[in-house]
Amino acid sequence: LGALGACSRREADSPTTPLEISADTACELDGMLLADYPGPKAQIHRVGAKTPEFYCDTVELFATLLRPEQVHAVAAAYVQDMGRADWERPQGQWIDARQALYVRGSKRRGSMGPTLASFANEADAQRFIAQWGGTLLRYADIKPEMVDLSGGAKADSRM
């Protein structure tokens, strides 16, 4: 998280804007096409990079940001507001990952199985929890052990 926290100084120098996914946008980690899977997506804009890294799940975003070996400075990170985006085919609705609220442990599944549903406001997150279960978390509450990537690909019957 330190790399993302340090990005505040850089954002003034190089503002970033979230980019929309297309039918051929692939995940940075595993090459999965983002448009083929449900649940919130994410993107990281690295300082000095021309294009963002896309992730087919918020769990992958956090697994990437929370790895101690990450040394590339992050200019911005975005997730989708699932209070406004369609779960099955999310488009747009990008919000700052640091400002988002997350629901962990719900019955809804993302592309990698269990996911962290992302929301811009607490009322939407609480409605989601009432329907699908889970626990509300803030960005700083998310720890590496909460974003286990094991089992994602083997649980995918479309691969």
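How many disulfides does the count come to?

Author: The count comes to 0 disulfides, where a disulfide is a pair of cysteine sulfur atoms within 2.5 Å. Bear in mind that this is a predicted model: local features need pLDDT of at least 70, side-chain atom pairs count only at pLDDT 80 or more, and totals for chains, interfaces and linings use all residues. Residues are numbered from 1 along each chain as its sequence is written, and side-chain values use heavy atoms, with hydrogens and water left out.

Take C27: its closest cysteine sulfur is in C56, and at 3.8 Å that's too far for a bond. C27 is buried, with a relative accessible area of 5%, and C56 is buried too, at 0% (buried means under 20% relative accessible area, with a 1.4 Å probe and protein chains only).

Now the sheet. It's an open one of 4 strands in the order 2-1-3-4, with antiparallel pairing; strands here are DSSP runs of E, at least two residues, and helices are runs of H or I, at least four, all numbered from the N terminus. Two strands pair if DSSP finds at least two bridges between them. The edges are strand 2 (53–55) and strand 4 (94–96), each pairing on one side only. Strand 1 (residues 42–46) is joined to strand 2 by 3 bridges, and Q43 stands opposite F54 in strand 2. Helix 3 (residues 58–65) packs on the sheet, touching strand 1, strand 2 and strand 3 (74–80), with contact meaning heavy atoms within 4.5 Å.

Terms used. Axes are lines fitted to C-alpha atoms, for helices over the stretch in contact, and angles run from 0 to 180 degrees between N-to-C directions. Buried means under 20% relative accessible area, exposed over 50%, partly exposed in between (1.4 Å probe, protein chains only).
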